[in-house]
Amino acid sequence: MSELNNTNARLYARFFENINRTTPIEEYEKVFEKDVRFKDPFHDIENLEKLYKIFKDMYVKLDNPSFKVTEIIEQNNIAYLKWNFHFLFKGTNKDESFEGVSRVEFNKENKVISHIDYWDSSSNLYEKIPILSFFMRFIKSKINS
C-alpha cells in the first residue's frame, strides 16, 4: 500500500498490517470504539473485548497470519479496504492466502465503529482443509453439473 497521506483508512490499514500476537488490547482501544461491530463469515459481535479475543484466537489457531492491504477507497466516514490474508495452518509448511474486502465506518473521533468483512469462507478455508476439501469439491461438482 502506498503512503499518500494519513487518512483514517490508511492509518487503519497500517494498524492491520502491523498487528501481531503480542499487540496489546490498549493498541486496539486506540483504533476501535468500545461497542464496535465486527462481522465476518464466522462472527457477528458488538464489543471491543470480543473483537480482541477473535484476533488473539487467530494467532493461536494459525501460524504467521498477516494482512496486506492492496487497495483503499474512502469517502466521508466510510472506507473499503481490499486485502490479502496470508497464513499457515498449524503443523504445515504450505503458505495459504486469500483475498477479501472490508467495509469500515469511522465515528467523529476517527475510531472504527463498524468493520464488516466480505470473503468466501468456502473456497478460501473449507476447501483447503484436507477432510473437508473432498466434500466441498463434490458438492460444487453436483451444483455445477
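In the predicted model, strand β3 (residues 62-75) and strand β4 (residues 78-89) pair over 11 bridges and run in the antiparallel sense, where strands are DSSP runs of E of at least two residues, numbered from the N terminus, and two strands pair if DSSP finds at least two bridges between them. Within this pairing, F67 stands opposite F85 of β4. The two strands form a hairpin with 2 residues between them, and N76, in the turn, has a positive phi of about 55°.

W83 has G100 in β5 as its bridge partner. The hairpin of β4 and β5 has 6 residues between the strands, and G91 takes a positive phi near 80° there.

Strand β3 also contains E71, which counts as partly exposed because its relative accessibility is 40%, that class lying between buried (under 20% relative accessible area) and exposed (over 50%), as computed with a 1.4 Å probe on protein chains only. Neighbours within four places in sequence aside, E71 is in contact with Y80, L81 and K82, contact being defined as heavy atoms within 4.5 Å. The C-alpha atoms of E71 and W83 are separated by 7.0 Å, the two residues being 12 residues apart along the chain.

Residues are numbered from 1 along each chain as its sequence is written, and side-chain values use heavy atoms, with hydrogens and water left out. As the model is predicted, local features need pLDDT of at least 70 and side-chain atom pairs count only at pLDDT 80 or more, whereas totals for chains, interfaces and linings use all residues.

Key. Helix = DSSP H or I, 4+ residues; strand = E, 2+ residues; numbered from the N terminus.
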